[in-house]
Amino acid sequence: MNDFLYIIHMGFFGCGNMILILSNKFDISVDYVVRVLRERKEKFLRINTEDLVERHVSVKFPRFSYDIQSKTGKHDLVKELKSVLFRRPGRPFEFTPRESRPSDTVVKFVEDQWHSFIEGLRCIENVLWVNDPIKNHDAENKIKQLELAEKLHFMIPRTCITSSKEEVLDFYNLCQGNIVAKGLYSPLIEYPDKDYFVFTTVIESIDDIGEEELSLAPTIFQELLSEKIDYRVTVIGEHCFTVRIESSADKVVPIDWRTAQEDLQFVPCKLPLKVTRKCIELVKRLGLVFGALDLVKVNEKFYFLEINPNGEWGWLQKQVNLPIAETLVEYLVRGTG
Amino acid sequence: MPTNFFSGLIDMKNVEPFLLRFKKESISLSRVGTNEADDYDSSLDMMMTFENGKRIPVIDSTKGQRRTKKMDMEKGEDQKDTLMWR
């Protein structure tokens, strides 16, 4: 290829029409997106990344190309890629029985190599990522979330993130003994045999809290917002889908509604325009296209609690019939254009 | 605070972070655990299942959701998007 043709070739970067889905085969939410893409006859490639070890890939220079083998042939993503739905990529061998896997050391090595390969896709220009994994990661930080929410004039609960017992005492007194605690990072605790989760918990008393257990890791303490109504807001670009979370029985929705078992109802509703705009702006300012926000309403005021940049939504599509997959597809088809 | 005799540093060997006091066992299935009737159809790019003698997409199943919101939350997927899969 001479230089002139190469410039023309370069000009085609990001002008493709391929939608790439990166997830794992058990990610049922993606199935809703697949269905819409098929109905619309859009060109897409779903890669369940746990199976990458069974595919042939190659990236070449000069004349940057990014080839991935699919069941329909080889695709050069530099030429073909328009947008990426980055969901829940599986790890190589993740679903392979332990006895059939290579050693842990080898698996880790293999994971690292594939990780870099996928991350390299971000080099392809003019591609819409829903969401960019690095931006997802950044947006996961709860300090960043609260700081931005405050900047956008969201109401936020009084918060103290600390590893100091003295600070907890002061905060407890400031809030007149009405505080909750939650994890600053993912509160999933994985032991070899069982997994545990720490939900938002009301702190009844601080008398027996030891200095050491607090100093071991910073914890989020927030004022308890009682008499609250919970909202889950799913933002996709300029679209905002909201459900109010209600208890279907004669029960109060728990402090952390996720702890309720079966008796929750999700009622579609609209937020006040000002709040909707803030939700959309927050997602945009975090560099995301998609975001799932948790809000609560107390005394007619909406408080921001947190945002899950890659939050789950399949349950809303099915139970409440919100057109989330359809809206995602709309954005993926549009790409960066 | 207990200190290590040799290093002089605080001995944290038997201390757990405060939040772990409130840990609750995840009761939903792990990610891997799905209904035995489910299988991934790579020609359709969807998970399929058998229901009333018919092979249908799992998303059309009337037998409840395989992967509930709660399950994903508990497994931390909703809140833990570390760099891809790390």
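**Reading the calls in a predicted model**

Mentor: Let's start with chain B of this predicted model: of the contacts in chain B between residues at least 6 apart in sequence, 27% join residues at least 24 apart.

Trainee: What makes two residues count as a contact there?

Mentor: Their C-beta atoms, placed from the backbone, have to lie within 7 Å. The 27% then describes pairs in chain B that meet this cut-off and also sit at least 24 apart in sequence.

Trainee: And which elements does chain B have, from the N terminus on?

Mentor: They run β-β-β-β-α, so the tally is one helix and four strands. Of its 86 residues, 31% count as buried.

Trainee: What about A:N126, how do you know its class?

Mentor: A:N126 has 15 other C-beta atoms within 10 Å. Buried needs 20 or more and exposed needs 12 or fewer; 15 falls in between, therefore A:N126 is partly exposed.

Trainee: What makes the phi of A:N126 worth a comment?

Mentor: Most residues other than glycine have a negative phi. A:N126 is not a glycine, yet its phi is positive, about 55°. This residue is in the loop between α4 (104–119) and β7 of chain A. A:E300 is another non-glycine with a positive phi, about 65°, and it lies in the loop between β17 and β18 of chain A.

Trainee: How do you know that β17 and β18 of chain A pair, and in which sense?

Mentor: Two strands pair if at least two bridges are found between them. Strand β17 (residues 290–298) and strand β18 (residues 301–308) of chain A have seven bridges, so they pair, in the antiparallel sense. Across that pairing, A:L293 stands opposite A:I307 in β18(A). The hairpin has two residues between the strands, and A:N299 takes a positive phi near 50°.

Definitions and conventions. Residues are numbered from 1 along each chain as its sequence is written. Chains are lettered from A and ligands numbered from 1 in the order in which they are written. This is a predicted model: local features need pLDDT of at least 70, side-chain atom pairs count only at pLDDT 80 or more; totals for chains, interfaces and linings use all residues.
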